[in-house]
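Please keep the structure open while reading.

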Amino acid sequence: MESTRKQLIELLEKQEGYISGQQLSDSLQISRTAVWKHMNELKKDGYEIEAVQRKGYKIVSYPDKISTNTLQWGLDTKWMGQNLYHYDQVESTQQIVHEMAKQGMPHGTVVVADEQVRGKGRMARNWHSPKGKGIWMSILLRPNLPPIQAPQLTLMAATVLAKMISEESDLKPQIKWPNDLLVHHKKVSGILTEMQAEHDQIQYVVLGIGMNVNQDLSEIQQEISHKASSLKIESGSHWSIPKTIQSILRQFEITYDQYVKEGFQQVKKEWERYGYKIGEEVTISTMKKTWEATLIGIEPDGALKARDRSGNEEKLYSAEIHWGEGGYHA
Ligand code: BTN
């Protein structure tokens with residue numbers, strides 16, 4: 001049943017214009033009545049489908065309502081999100097995926113929630129995750145990598161999000177080291193990577209993505225409104241959350257598979273292409289000193305590379321960077 005419906009969506013999506021009931025019934029090897037019944041089910045799930053006599057069917061708009069089904073239908077990935085769970089409300093999707101990982105769930109398992117009441121950000125910060133306004137999602141990865149390479153996965157995920165935003169809109173996203181997604185200098189998305197490792201092998205990684213999608217200006221917490229925003233605010237239009245999740249999952253699978261096959265080089269190139277203030281001078285402070293340096297790129301261990309005015313290069317891991325606009329620090 002489910003897989004017929006998935007194929008039905010795929011056929012409707014592939015077709016430019018209308019596809020006839022007969023064509024659908026032939027391709028799916030089900031009766032015309034069964035096609036019609038599936039169409040009604042899709043409508044119940046929020047798909048708007050136009051049916052025109054002698055022409056056939058066409059999807060006019062996609063549901064905005066998230067469910068495991070709406071997220072998986074039409075998702076043309078091999079492994080990413082093929083095992084997917086949707087919840088209305090959770091404490092944190094990270095916590096759920098950690099439990100699933102311990103139960104042996106497969107690589108590419110995805111958990112999405114409409115709302116998190118205890119969303120976790122980096123450095124033990126809270127992550128505000130209001131109902132239906134954004135993407136609150138954690139992905140289970142089981143890479144065959146040593147723990148030292150884990151930061152590369154986070155950098156890779158940031159390029160995935162940047163690519164998705166540029167492909168789905170006219171926005172020009174940037175990645176602020178290590179992994180904040182900015183649009184017009186404001187943060188719209190963040191990534192939290194947590195790992196379980198033993199000896200020289202990663203057992204699993206829980207990669208959490210928080211993306212502010214459809215908040216209006218008044219819905220951004222006041223204390224961070226100078227440095228945080230949403231895709232809707234910056235693009236001026238509403239984004240379909242299920243479609244956006246599917247685009248992330250699709251792009252993630254392509255980029256991850258390429259990374260596993262070819263290594264970090266392509267991720268580094270992409271990251272630097274989107275890198276915020278790469279090639280520009282910023283002020284850097286550590287416990288010991290404050291200096292001016294030009295940011296020049298990232299290193300395979302996730303460090304940010306900077307060159308001071310005398311030409312000395314330094315790898316930064318936890319320095320405070322004075323980014324200028326927005327006053328937002330890593
Ligand atoms: C950051 O501080 O920039 C990272 C934010 C990561 C938030 C996401 S939302 C989905 C997942 N579940 C959580 O509790 N946190 C991550």
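UniProt positions are given here in the numbering used for this chain, feature names are shortened, and an annotation may be inferred rather than shown by experiment. With that in mind, the unreviewed UniProt entry places the feature "domain: BPL/LPL catalytic" at residues 72-260. The model itself is predicted.

**Division of the chain**

The protein chain is split into domain 1 (2-61), domain 2 (68-274) and domain 3 (281-322). Between domain 1 and domain 2 there is a contact to which domain 1 gives 9 residues and domain 2 gives 8 residues. The C-alpha centres of domain 1 and domain 2 are 31 Å apart.

**The annotated binding site**

The UniProt annotation "binding site", again from an unreviewed entry, covers Gln116 and Lys187. Both Gln116 and Lys187 are included in the lining of the largest pocket.

Glutamine 116 belongs to strand E4, which spans residues 110-116. Beyond its neighbours within four places in sequence, glutamine 116 is in contact with Val90, Glu91, Ser92, Thr93, Trp127, Ser129 and Trp136. For threonine 93 there is also a polar approach: its backbone nitrogen lies 2.9 Å from a polar atom of the glutamine 116 side chain.

Lysine 187 is part of strand E8 (residues 186-198). The side chain of lysine 187 makes a polar contact of 2.9 Å with the side chain of aspartate 180.

Asparagine 212 lies in strand E9 (residues 201-212). Leaving out residues up to four places away in sequence, asparagine 212 touches Trp127, Lys133, Trp136, Lys187, Val188, Ser229, Ser230 and Leu231.

**Burial**

Which side of the cut-offs do these residues fall on? Buried means under 20% relative accessible area, and exposed means over 50%. Glutamine 116 is counted as buried because its relative accessible area is 9%. Lysine 187 is buried too, at 13% relative accessibility, and asparagine 212 is buried at 9%. Methionine 123, by contrast, has a relative accessible area of 52% and is therefore exposed.

| Residue | Relative accessible area | Class |
|---|---|---|
| Glutamine 116 | 9% | buried |
| Lysine 187 | 13% | buried |
| Asparagine 212 | 9% | buried |
| Methionine 123 | 52% | exposed |

Methionine 123 is placed in the loop between E4 and strand E5 (134-141). Methionine 123 and leucine 192 are 69 residues apart in sequence, and their C-alpha atoms are 9.2 Å apart in space.

**Strand pairing around E10**

Strand E10 (residues 281-285) runs antiparallel to strand E11 (residues 290-298), and 5 bridges join them. E10 and E11 form a hairpin, with 4 residues between the two strands. In this pairing, valine 282 stands opposite alanine 293 of E11.

E10 also pairs with strand E14 (residues 320-322), in the antiparallel sense and over 3 bridges. Here threonine 283 stands opposite histidine 322 of E14. In a regular strand the side chains alternate between the two faces of the sheet.

Key
Residues numbered from 1 in each chain as written. Predicted model: local features only at pLDDT ≥ 70, side-chain atom pairs only at ≥ 80, totals over all residues. Heavy atoms only, no water. Pairing = 2+ DSSP bridges. 1 Å grid on protein atoms, 1.4 Å probe; cavity = no way out; pocket = protein on both sides within 12 Å on 5 of 7 lines; lining within 4 Å. Buried < 20%, exposed > 50% of the residue type's maximum accessible area, 1.4 Å probe, protein only. Contact = heavy atoms within 4.5 Å. Polar contact = N/O pair within 3.5 Å; in protein donor to acceptor, adjacent residues only side chain to side chain. Domains from an automatic or database assignment.
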